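Student: I am new to this structure. Please show me how to read its features.

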Amino acid sequence: MSRLINRLANTLRTLESYLFGGNGFPPGALALVHVHDGSPQPAAPRAAPFSLRDLLGDGMLWAVPKHRRTVEKRLKRKYGSPEYKLKILTPKVHLRTCATCGSDQEVGVLCPTCYKKVRTETELMQEKIQSELGLEPVDRDVVVLYDRERDEQPAEFWQGKRIVEMEKPRPSWFSKNLLQKSTQQQSEPDELKPGHEKLG
């Protein structure tokens, strides 16, 4: 800003010297002649030299609003607009009750209470696997078993697998087969689904 003011001042001085011959303003041809009659004259107060910096520094305002905002615009900036985005608090109408735990949840989002149990159990399994396997390379399948689940299968079934045992019973909501729901009973081999006919 100061460099701009200095450039403007230098430009005005150069223009003044070209127009009036460098003698200042007003030119000598238009200046008044003072005739001294011998009587003492009071000394005229010497005016301060003209400075363009004072005019541009305090006499002008830069980048200020020219018009006042209307009431409608002020309210829209404060509270938003229902057509675009409302900033005020509005009641949520997309809440549902979880069928498993009974807590409230948003539609299309996992229940936070149920997911917290799954995440806690997963972290315990990860810590157990890391403590037993360490930094050894995983060259075989890793199977996580809970209390008394190893006896359900013969010893030949677990050969070639790395077993990590959890010292607690399996939670009721944690199914052994993750592709099958824990609340759904397995169908009998002879039972047929509707639409399927028995061949032979």
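Tutor: Start with a definition. A salt bridge is a side-chain nitrogen of Lys or Arg within 4 Å of a carboxyl oxygen of Asp or Glu. This is a predicted model: local features need pLDDT of at least 70, side-chain atom pairs count only at pLDDT 80 or more, and totals for chains, interfaces and linings use all residues. Residues are numbered from 1 along each chain as its sequence is written, and side-chain values use heavy atoms, with hydrogens and water left out.

Student: How many salt bridges does that rule give?

Tutor: The count is eight. One of them joins the side chains of D139 and R140, at 4.0 Å from N to O.

Student: Which salt bridge links D139 to a distant part of the chain?

Tutor: D139 also meets R162 in a salt bridge, 3.9 Å from N to O. The two are 23 residues apart: D139 sits in the loop between α4 and β5 (141-145), R162 in strand β6 (residues 161-165). Helices (H or I, at least four residues) and strands (E, at least two) are DSSP runs, numbered from the N terminus.

Student: Now Q105. Where is Q105 found?

Tutor: In strand β4 (residues 104-106). Q105 has 18% relative accessibility, so Q105 counts as buried.

Student: What is Q105 in contact with?

Tutor: Contact means heavy atoms within 4.5 Å. Setting aside neighbours within four places in sequence, Q105 is in contact with H94, L95, R96, C98, L110, C111 and P112. For C111, there is also a distance to read: a polar atom of the Q105 side chain lies 3.0 Å from the backbone nitrogen of C111.

Note on methods: Buried < 20%, exposed > 50% of the residue type's maximum accessible area, 1.4 Å probe, protein only. Polar contact = N/O pair within 3.5 Å; in protein donor to acceptor, adjacent residues only side chain to side chain.
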